[in-house]
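Dear colleague,

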Amino acid sequence: MLQKFDPRNENILVHVNGQLVPRAEARVSVFDSSVQGGDAVWEGLRVYKGGIFCLDRHLNRLFESAHALAFQNVPDRETIVNAIRETLRANYMDDEVHIRLTLTRGEKITSGMDPRLNIRGCSLIVLAEWKPLVYDNEYGIRVITSSVRRNGPQFLDSKIHHNNLLNNILAKIQANVAGVDAAIMLDANGFVAELNDTNLFMVKDGTVLTPPADVCLAGITRGIVIELCKQHGIPIVERNLSLTEFYNADEVFATGTMGELTPVREIDGRPVKYVCGEFTARISKHFRAFIPANCISILP
Ligand SMILES: Cc1ncc(COP(=O)(O)O)c(C=O)c1O
């Protein structure tokens with residue numbers, strides 16, 4: 001499904017390095033580390049009815065990613081939270097909003113990859129857009145398997161939520177060429193890691209299963225789904241899973257901030273047995289009920 005331009009986003013204000021600027025003027029320097037080397041970390045957050053969902057979990061992952069990449073002069077939590085709130089309030093945004101929060105290593109004194117060329121500290125971008133859930137969570141999505149492997153800790157640890165997204169983009173191009181919504185990325189051993197943009201779960205004989213977060217992104221939504229299963233007595237197992245197991249699953253669903261829980265209806269041309277079956281529907285209901293108590297207000 002190709003996202004369309006939403007005219008409500010035509011005149012939004014974007015927070016760039018401490019200033020709110022109109023969309024058309026929102027930019028970083030050509031010397032910025034994100035331009036020079038994709039040297040940045042990011043989070044995707046969602047706003048529901050006046051609250052930012054799981055803000056602390058997202059900021060924890062952002063700070064851990066920045067620390068792993070040895071960023072210097074990282075803005076503190078309060079500065080980032082204020083920037084997010086200011087952006088939402090300036091745009092009168094309080095629901096059905098997606099925030100792309102990006103922290104780059106900052107502007108360099110000359111082009112190059114060496115972090116010692118960064119003397120000005122990080123660049124912070126808060127891009128909030130009107131964006132309802134990106135997939136139709138009743139119809140579901142069709143996926144193929146990509147030939148591009150998901151990076152694991154032996155190359156680039158997926159515990160860092162970084163902007164080097166070319167593996168995932170190449171996988172997405174394969175999905176586009178195949179005329180489907182997303183692509184499954186395997187790990188170096190051929191087990192399923194995740195989709196190019198979301199985590200994957202399957203259900204078999206009453207048990208929910210998902211790959212361990214060794215190679216896939218440790219998604220916030222993924223973590224919540226695991227917690228909710230445990231809390232509601234739904235058997236949940238994290239283990240290596242092959243494509244054959246996914247082909248023969250009773251239900252398959254993807255998870256992510258962009259789309260919450262999205263049923264998968266077809267994998268590599270094989271129809272999934274039940275689309276939005278009993279477990280997907282039950283867990284989605286628990287997830288919807290989890291949202292209100294886990295949003296922090298946009299107001300200070
Ligand atoms: C590759 C990948 N997998 C999964 C996810 C879902 O993660 P979350 O639930 O934290 O949005 C994302 C979101 O950024 C992603 O980029």
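To begin with the overall dimensions, the radius of gyration is 19 Å, which agrees with the value near 19 Å that a compact globule of 300 residues would have. Please keep in mind while reading that this is a predicted model. Taken along the principal axes, the box filled by the C-alpha atoms is roughly 55 × 40 × 35 Å, and the protein contains seven helices and 16 strands. Of its 300 residues, 41% count as buried, and among the contacts between residues at least 6 apart in sequence, 70% join residues at least 24 apart.

Turning to the ligand, 14 residues surround it, and the closest are Gly219, Ile220, Thr221, Gly256 and Thr257. Two elements give two or more residues each to this shell, namely helix H5 (220–231) and strand E13 (251–256), and H5 gives the most, with three residues. By residue class, the shell around the ligand divides into nine polar, three charged and two nonpolar residues.

H5 has twelve residues and spans 16 Å from its first C-alpha to its last, close to the 16 Å expected at 1.5 Å a residue. Its buried residues are Ile220, Thr221, Arg222, Ile224, Val225, Ile226, Leu228 and Cys229, and of these, Ile220 and Thr221 are also among the residues closest to the ligand. After H5 comes Gly233, whose phi is positive, near 70°.

With best regards

Methods. Residues numbered from 1 in each chain as written. Predicted model: local features only at pLDDT ≥ 70, side-chain atom pairs only at ≥ 80, totals over all residues. Helix = DSSP H or I, 4+ residues; strand = E, 2+ residues; numbered from the N terminus. Rg over C-alpha atoms; globule rule 2.2 N^0.38 Å. Buried ≥ 20, exposed ≤ 12 C-beta atoms within 10 Å, placed from the backbone. Contact = placed C-beta atoms within 7 Å. Near = placed C-beta within 6 Å. Nonpolar A, V, L, I, M, F, W, Y, C, P; charged D, E, K, R; others polar. Expected span 1.5 Å × (residues − 1).
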